[in-house]
Amino acid sequence: MATPAVRNTPKATDRTQERSVRESNIIAAKAVADAVRTSLGPRGMDKMIQSPSGEVVITNDGATILKKMQVSHPTAKMLVNLSASQDVEAGDGTTTVTVIAGAMLNAAELMLKKGIHPTVISESFLMASKKSVEILKGMSVPVDLADRDQLIKAASTSLNSKVISNNASLLAPLAVDALLSILQPNATNVDLKDIAVVKRLGGTIDDTELVKGLVFTQKATHAAGGPTKVVDAKIGLIQFCLSAPKTDIEQNIVVSDYSQMDRILKEERKYILDMCKTISKSGCNVLLIQKSILRDAVNELSLHFLAKMKILVVKDIEREDVEFICKTCGCVPIANVDTFHAEKLGKADLVQEQTTGEGKVIRIEGVPGAGKTCTLLCKASNKLVLDESERSLHDALCVLRCLVKQRFLTPGGGAPEMQLSYQLSKWANTLEGMQQYCVRAFAEAMEVVPYTLAENAGLDAIQVVTELRNRHANGETNCGINVRKGRVTNILEEHVLVPLLVHTSAISLATECVRLILKIDDIVITR
Ligand SMILES: Nc1ncnc2c1ncn2[C@@H]1O[C@H](COP(=O)(O)OP(=O)(O)OP(=O)(O)O)[C@@H](O)[C@H]1O
Ligand SMILES: [Mg+2]
């Protein structure tokens, strides 16, 4: 009798270890999901995050909260990555995806405890997620990109849950206009890099504006009294320096008498003057100079000459902005003064310096590339709000990008999740055995979204979710939680609209992440 017991022992320990690894993984991941739960929805709370260096961020954006949280457990990191992938894929719904993953893990944990094998759970969850995408597609309504009002409603929904929700009525149309202004006909995607978001302290969020052109946060370099406003501008973008050349190696020159000194100065003066003359001859009257780390991009002398030639100078242009500038103004970057020709210059109707709260900015307007790029100039009276306003605008733009990719809208307010829960439970009846059990658990896990929305809005979550469940069972597909009125109503009438892509990608990504966690049975640490 002793032999089988001995044979069984290592197997049993293996199992226990497997179970404990899985359990600890699930606990770590759930802790992360719980941390962001309270920030879901328009009445959700915001988080204040302080870094070791004392920097403070106030935000409602799930992806930002998780990124800044600096978790160390490997599985918890998977949840952080999950929300980051949702940010890349859809841009919005980063809190939702984490909350859903947490609920699915909870369901999986209970089933594991009942002795269901992780592979069965994993396979059933995959089936359920595929079915969910079908159901979501079924309840979505097509949207026409020419319908500006509809787009504004979608952008407003995403802005409503942010710190700056009071200004949603101003920011949503701005985001829509920005996107529409660069949207090519029949496009299936847009590059959000073509919309520059420039932040400036001073004024209020209401002063945020859309500029069909460029805004530089630096002021014009007019130490020598150069112009600060140029009408009918010819813009040159140079990548070389307007100062005396330097040799590659360190060297000293010993000057023994003043005539030699004079010669050196004269040479330098001539060298710089020649460069400035070439620039002026091409007709250029606005000069943008790329930032240089080797030596000064301009010196007093070159600034003096350029001022005399009535050329407006903006220095410290970042390398990564060059492409955007070229696309906007139609100029070509010039790497050498010998190739400074008129055909490489860009154009603009007006270039001028403007005073703002935090200092001056340069605005370039009336550009030939107005249909290709645009700039959103964000303003706010304090840095925390300004940063959050930029992040929220990014979310709104992402929502609009989702609509360009997939032109369908679904209702929000927990309606799609409740509908999923109802339809999946119904579908589960057609399945057999374990699968039926697992799919049903998946369906129940979906209720976490309406439950949390209600809880965060201070409503009686159980009562609201029960009412919602009943109404969905009665065929009221678009019923959702009306957070403002604190009741269950037809959420489409409230204009709470969320792109289909945000929902489908949240479900697919969350399922993928949960399946990955379930499949792990050991943690191996290497050195
Ligand atoms: N006016 C509203 N009434 C009811 N529900 C709403 C309303 N506006 C938004 N929602 C719901 O709130 C949820 C979105 O909340 P929130 O924007 O805080 O999180 P997220 O989009 O998942 O994450 P993030 O915006 O941080 O990336 C969605 O489920 C949406 O349906
Ligand atoms: Mg959102």
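In this predicted model, Met-104 touches Phe-125, Phe-442, Ala-445, Ala-510, Thr-511 and Val-514, leaving aside residues up to four places away in sequence. Met-104 also belongs to the largest nonpolar core, which has 101 residues. Together with Ile-100, Ala-101, Ala-155, Ala-175, Phe-442 and Ala-510, Met-104 is among the residues with the most contacts inside that core. Helix α16 (residues 500–519) gives the most to this core, with 11 residues. In soluble globular proteins, nonpolar side chains tend to be buried together.

Helix α7 covers residues 168–182. Its 15 residues should span 21 Å at 1.5 Å a residue, and the end C-alpha atoms are 21 Å apart, which agrees. The buried residues of α7 are Ala-168, Leu-171, Ala-172, Leu-174, Ala-175, Val-176, Ala-178 and Leu-179. These buried residues pack against α6, β4 (195–201), β5 (209–211), β12 (374–380) and α11 (383–405).

The surroundings of ligand 1 are considered next. Ligand 1 is surrounded by 26 residues, of which the closest are Thr-94, Thr-96, Ser-161, Gly-412 and Gly-413. Two or more residues of this shell come from each of α2 (62–69), α4 (94–113), α6 (148–160) and α14 (448–456). The most is given by α4, with three residues. By type, the shell around ligand 1 divides into nine nonpolar, 14 polar and three charged residues.

Ala-63 lies in helix α2. Ala-63 touches Ser-83, Ala-84, Asp-87 and Thr-94, again leaving aside residues up to four places away in sequence. Although Ala-63 and Ser-83 are 20 residues apart in sequence, their C-alpha atoms are 5.4 Å apart in space. Ala-63 counts as buried because it has 26 C-beta neighbours inside 10 Å.

For Asp-232 the angle is about 55°, and for His-495 it is near 60°. Asp-232 is placed in strand β7 (residues 229–238), whereas His-495 lies in the loop between β15 (487–490) and β16 (497–499).

| Residue | C-beta neighbours within 10 Å | Class |
|---|---|---|
| Ala-63 | 26 | buried |
| His-495 | 15 | partly exposed |

Terms used
Residues numbered from 1 in each chain as written. Chains lettered and ligands numbered in written order. Predicted model: local features only at pLDDT ≥ 70, side-chain atom pairs only at ≥ 80, totals over all residues. Near = placed C-beta within 6 Å. Helix = DSSP H or I, 4+ residues; strand = E, 2+ residues; numbered from the N terminus. Nonpolar A, V, L, I, M, F, W, Y, C, P; charged D, E, K, R; others polar. Expected span 1.5 Å × (residues − 1). Buried ≥ 20, exposed ≤ 12 C-beta atoms within 10 Å, placed from the backbone. Contact = placed C-beta atoms within 7 Å. Core = buried A, V, L, I, M, F, W, Y, C linked by C-beta atoms within 7 Å.
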